[in-house]
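This briefing covers the interface between two protein chains. Please look over the sequence and the structure before reading on.

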Number of protein chains: 2
Amino acid sequence: MRQKRTTIIDLAKACNVSKTTISFAFNNPERIGKETYDLIMQKAKELDYIPNPAGRNFSLKRKQTIGFLLPQQFEGTFSNPYITQVIQGIGDICTEKDYTLTLIPPFNDNMNDAVYKVSVDGLITMGINVEMDIVESLKRMFIPFVTIDGHPGEDTPSINIDNKAASYDLMKEVLENGHRNIAIVALKESEYEKSMRFESTTQIRLSGFEKALNEYGISLSDPNINIYDEECFIEAGMNVAKQIVKTNKDATCIVCMSDVIAIGCITYLKQNSYKIPQDFSVVGFDNIKTSTIVTPNLTTIMQASIEKGEIAAKTLFDLIDKNEIATIHKILPHRLIKRDSLKKIN
Amino acid sequence: MRQKRTTIIDLAKACNVSKTTISFAFNNPERIGKETYDLIMQKAKELDYIPNPAGRNFSLKRKQTIGFLLPQQFEGTFSNPYITQVIQGIGDICTEKDYTLTLIPPFNDNMNDAVYKVSVDGLITMGINVEMDIVESLKRMFIPFVTIDGHPGEDTPSINIDNKAASYDLMKEVLENGHRNIAIVALKESEYEKSMRFESTTQIRLSGFEKALNEYGISLSDPNINIYDEECFIEAGMNVAKQIVKTNKDATCIVCMSDVIAIGCITYLKQNSYKIPQDFSVVGFDNIKTSTIVTPNLTTIMQASIEKGEIAAKTLFDLIDKNEIATIHKILPHRLIKRDSLKKIN
DNA sequence: ACGCTATAGTAAACCGGTTTTGTAAACCGG
DNA sequence: CCGGTTTACAAAACCGGTTTACTATAGCGT
């Protein structure tokens, strides 16, 4: 049977003082006499007393914790370096501020309810938009939150890149390199996401692709442009590559909305003796570290993932500390990174 | 100014009942009359009342949260897929049990103090051993914990692989392939770790290497065996490879205690026009996903990282639920995975 | 009509702290 | 020596819930 740790009352009794005095000893030492203070500290050491943070935080009406609402189950989240880097950025700021970071699972479709069962001072979310129930719910519960890669509405902070411009840049590069038969691998959306009238990141990026294609007189619905939907796993990327070589052999370039998928593609293609970029060019999105490790190195769009997390966390702490509503809509820079996985043809 | 959310008292007043009744309505509906119940639920909806989890958990003397004590700063943790997979495993079990997972930064050298400022029902730690102060501290505070990759003492659960056997297997494979001039890249230990009399994972693995070497009549201190210490980053791996080609050109194989380092080595070597495994063989440890993505694929020791996290979490929940001390010392299987980064020579 | 048992609700204690308010004794200047 | 100010501590309220113990009323069988 586990023992109970010493409480403030235990210590107060041991010292023959009130619990007020104990509390002052730990938080306002100047308010009590030196001898009493010394006695309390000595007895505290003897009895292993450390103020219970749960009681303390409850009393202070804070949690000293912010939450990160996972955009998907743990597997998808933790196998995607882009997301783990975002978490790293958040975590670094939390460490600085002496807060802890709680990971909150996505709770499938009824996110709304379950979020309330966890207690945090604020929340960082990814990929949600203003139409989702959770936005309204969080506001109703007065839970401050900031959103990365999403559009939670005018009055709620968000951190994004210019996804349309970024995907335009990527597709333009592909087109400039002469590719005209292109497989696009989009990020699969849930039925829930699809039901939104609001444009998802996938749709925005598609529109960026479209803009570039249009400049070359090509429509998104052109028979030479094929769009696939895939989850964001290595294996999913391998899978879509398999499909592409089976059904769409004339494609010269595979444009992926995520490096993870792109790397999955490359891995599958190389395993099946295709040469990259000779047989297929492949480009990605995010510039995760692995994109410099695969052979060939991946042409991709860099976005500052750690910084995204850091800024999101800082913004959230502003919200929490100032106790007021900030409406920052930050657009971080992106950059096309040209490497070796995109071949110039014709 | 942020509003306050509705409390149980607010709702009680609105319904003209006591807060006991409200509490029963949410937790023991059968104890109150149907009409009262309906009224409460209706008013609760009107006023957006949801029981405050902080108050609830405090009252129930639980936190509904377990902590993961990061083995190093966020950067090192989140750039190492082995660790993120462990976290994934822990997270999956937390999700099942409706707990959340809190990431606790390592607090540098005075881990002991800071751990108490976070409130969790239990803790999962990595790489600590029985001599570290934190073990004693956690016990004194009656915080249940289980340790992954460490030896926290007889009476505290641990999850490990047989590191000596695993490293023996790895080195034996290297030797069987004819390598005799070997660079070993060990995981760098802090001064604090070095001060322990207890063997660290690094030292245990070194002893496994030694055993294999001895079978070939080679001592660890042989001039052809060179040991390097490195942090566990890609860049650190690149760095050590640079050192090795500069000062130890005769080495034919680089044996790394982590895939991350091995991949860093390969990346550097390839960037500098060395051929792997023709110029250098490289082997790693952990079997992270990227080890199948680099070219050549990495020969390594597989250990079930996700499963480690899962088992650790399950064990911890047993401790928490049963409220008693379990002393499970689990040794999970490992496996040598032969791939293409190790060349047979002579 | 009586006593017994359910039923439906309330009051109060409790979880472990913080903080406001109160108060006795010491101190102080004139 | 008196009135006012400090000093050093304590009492009590509070944070938002749960739970134990208690009470009033209704329903029941006999």
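In which sense do strand E2 of chain A and E2(B) pair, and over how many bridges? The model is predicted. Strand E2 (residues 100-104) of chain A pairs with E2(B) in the antiparallel sense, and the pairing runs over 3 bridges. Within E2(B), B:Leu101 is the bridge partner of A:Leu103.

**Extent of the interface**

- The size of an interface is often given as the accessible area lost when the parts come together.
- Between them, chain B and chain A bury about 5,200 Å², and 62% of this area is on carbon and sulfur atoms.
- In terms of contacts, 51 residues of chain B touch 51 residues of chain A.

**Salt bridges and polar contacts**

- Chain B and chain A are joined by 6 salt bridges.
- One of these salt bridges links the side chains of B:Lys289 and A:Glu235, with an N to O distance of 3.3 Å.

**The side of chain B that touches chain A**

- Elements of chain B that give two or more residues to this side include helix H4 (53-59), helix H5 (74-78), helix H6 (81-97) and strand E2 (100-104).
- Also among them are helix H12 (234-247), helix H13 (259-271) and helix H14 (305-322) of chain B.
- H6(B) gives the most, with 6 residues.
- By residue class, this side of chain B has 22 nonpolar, 15 polar and 14 charged residues.

Terms used
Residues are numbered from 1 along each chain as its sequence is written. Chains are lettered from A and ligands numbered from 1 in the order in which they are written. This is a predicted model: local features need pLDDT of at least 70, side-chain atom pairs count only at pLDDT 80 or more; totals for chains, interfaces and linings use all residues. Side-chain values use heavy atoms; hydrogens and water are left out. Contact means heavy atoms within 4.5 Å. Buried area is the accessible area (1.4 Å probe) that two parts lose on being put together, summed over both. A salt bridge is a side-chain nitrogen of Lys or Arg within 4 Å of a carboxyl oxygen of Asp or Glu. Helices (H or I, at least four residues) and strands (E, at least two) are DSSP runs, numbered from the N terminus. Ala, Val, Leu, Ile, Met, Phe, Trp, Tyr, Cys and Pro count as nonpolar, Asp, Glu, Lys and Arg as charged, and the others, Gly among them, as polar. Two strands pair if DSSP finds at least two bridges between them.
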